[in-house]
Amino acid sequence: MRVRHVGIALALVGGLAVPAVAPVAAATPLHTIGVVDTANGYWYLRDAIGATTGFYFGNPGDLPFIGDWDCDGVDTPGLYRQSDGFVYLRNSNTQGLADVEFFFGNPGDRPVAGDLNGDGCDTVSIFRPSDATVHVINHLGSAGTGLGAADFSFAFGSASHTAMAADYDGDGVDEVGMHDRSAATVTYLPSLELPAEVIPFGNPYDSLVAGDWSGSGSTRLGVFRPVDGAFHLDGITSPVAYGNGALVPVAGNFGPLPGGGAAPPALPTVAVVAGSSGPLVAQLQQMLAARGFLRVASDGNYGSATRQAVMAFHKDQGLTRSWDWQAADWARLAAYAGPDIPNRPDEPNRLEVDLGKQVAYLVENGIVTAIVPISSGNGSLFEGQNDSLIRARTPRGDFKIQRHINGLRISYLGVLYKPWYFSGGYAIHGSPSVPSYPASHGCIRIPNWEADWMDGHLFVGMPFHVYD
């Protein structure tokens, strides 16, 4: 998506940049907003008068984006499937199969859609979080084939950034920008020969969008704020409430839309407790899964796996360690931008264990893919081998996984289910009891179902870091 940028005088109001002058009357097609439910692949697109057009496109977990793929001036859906690098593009804002499909990049890459060479057509480049590089390609593929090598690549941003292309400097060509959600800044490269420019914009944990909101022909930024489920658009004085923080925002010139669809639901604001079931629990499960806290099927029942995922979220956020989902947790989870863990670019695949938080983080291809509740050594004395007394302390330090037993192991440290050993007899292993506090003899307990899932993700030799 590309619109001309003619310069904006910005003032900062309430953490959001807004223009110092009123917008001019509409002269070009308005860009509007939408949201995508990535749990089921449903798109909600809003037209200029507020009517919603809804349709299904994509599979759960696909990354959605918008662009003009056939150069007709209308922006339509695109999807990137991180598991295999496949791109699926549709040339109309309707339900149906992809009109164009191809693959580009590696598993774990993220899409960057835009017109990066100024020819009036959008293409799909990629940002690779594992080594913080952008790989640009200025044409589309077809027939499910690969695009081959990128036209050019460059290092930019970090694994925690969100890449978005827009005409940041008004030269008629999109540039790649990096949105730091935690710092509420956008950094873009005018060219590979010029230094990066930094724009403070929005509030922490907002999501960035760009478009011509007034029809003036000027690119303006905007944000979708998860905590209030509203778009705050540069040049539009009032927030536009649309959707909720569990949904992914999109924006573009969608062309004529038929309307007639139901508007997206608002974010719930009620507590969920043991014994709850139904669509509300299913929505919570989908949100937890999308952010790495849950790895079992969404069945609408607030059972053990969901309660442990809730506990992991509370631990990660430093909240009261409750097994119940609090009413205020919906907004917190919607705004969640990922954990604060050490940056180790030379170790894209590793396990991080934070004993203070009692949480383990699995990193794959530079991305945190699983956030798992743990219970570590409780510091008490217990009887070990040969009647010796041993302090129940989990080893700290930088290790590598040494070996794995795909079954039960009974030792002086207890009963270990599918243990992965990282220091002598100490392992991370499955257990039927993983309380909210340190309770083990020194090993790192995780729920049994997490140990089953980890079997396909850990490996001997994987870096393993344990710290307070």
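Analyst: Buried means under 20% relative accessible area, exposed means over 50%, and partly exposed lies in between. Glutamate 352 has a relative accessible area of 0%, so this residue is buried. The model is a predicted one.

Start with the count. The whole structure holds 11 salt bridges.

Aspartate 206 and arginine 225 come first. Their side chains meet in a salt bridge, N to O at 2.8 Å. Distant parts of the chain are linked by this pair. Aspartate 206 sits in the loop between strand S17 (197-200) and S18. Arginine 225 belongs to strand S19, and 19 residues separate the two. Both aspartate 206 and arginine 225 are buried.

What sheet surrounds that bridge? Strand S19, which carries arginine 225, is part of an open sheet of 4 strands. The order is S18-S19-S20-S21, and the pairing is antiparallel. Strand S18 (207-211) and strand S21 (240-241) take the edges. Each has a single partner strand, so one side of each lacks a neighbour in the sheet. Inside the sheet, strand S19 (residues 220-225) pairs with strand S20 (residues 230-233) over 4 bridges, in the antiparallel sense. Phenylalanine 224 has phenylalanine 231 in S20 as its bridge partner.

The next pair is arginine 350 and glutamate 352. They form a salt bridge, with the closest N and O atoms 2.7 Å apart.

Now take aspartate 452 and lysine 418. Their side chains form a salt bridge of 3.0 Å, N to O. This pair also links distant parts of the chain. Aspartate 452 lies in helix H4 (residues 448-454), lysine 418 lies in strand S31 (residues 414-423), and the two are 34 residues apart. Lysine 418, at 14%, counts as buried. Aspartate 452, at 36%, is partly exposed. Back to glutamate 352: salt bridges with shared partners join Arg344, Arg350 and Glu352 into one network.

Next, the covalent link. A search of the whole structure turns up 1 disulfide. That disulfide joins cysteine 71 to cysteine 121, with an S to S distance of 1.8 Å. The link is right-handed, at 125 degrees about the S-S bond. Distant parts of the chain are tied here too, 50 residues apart. Cysteine 71 is in the loop between strand S6 (63-67) and strand S7 (76-81). Cysteine 121 is in the loop between strand S10 (110-114) and strand S11 (123-128). Cysteine 71 has 39% relative accessibility, so cysteine 71 counts as partly exposed. Cysteine 121, at 19%, is buried. Another cysteine, cysteine 443, has a relative accessibility of 2% and counts as buried.

Threonine 133 is in strand S12 (residues 133-136). Its relative accessible area is 14%, so threonine 133 is buried. The side chain of threonine 133 makes a polar contact of 2.7 Å with that of aspartate 131. A second polar contact, of 2.8 Å, joins the side chains of threonine 133 and histidine 135. Leaving out residues up to four places away in sequence, threonine 133 touches Ile126, Phe127, Arg128, Phe154, Ala155 and Phe156.

One more strand pair shows how side chains are sorted by face. Strand S8 (residues 86-89) and S9 run antiparallel, joined by 4 bridges. Valine 87 stands opposite phenylalanine 102 in S9. Side chains alternate along strand S9 (residues 100-103). Val100 and Phe102 point to one face and are buried.

Last, confidence. The mean pLDDT of the protein is 88, and 94% of the residues score at least 70. Residues 2-27 are a stretch with pLDDT below 50. In the model, that stretch has 69 contacts beyond near neighbours in sequence.

Terms used
Residues numbered from 1 in each chain as written. Predicted model: local features only at pLDDT ≥ 70, side-chain atom pairs only at ≥ 80, totals over all residues. Heavy atoms only, no water. Disulfide = S-S within 2.5 Å. Buried < 20%, exposed > 50% of the residue type's maximum accessible area, 1.4 Å probe, protein only. Pairing = 2+ DSSP bridges. Salt bridge = Lys/Arg side-chain N within 4 Å of Asp/Glu carboxyl O. Polar contact = N/O pair within 3.5 Å; in protein donor to acceptor, adjacent residues only side chain to side chain. Contact = heavy atoms within 4.5 Å. pLDDT = per-residue confidence, 0-100.
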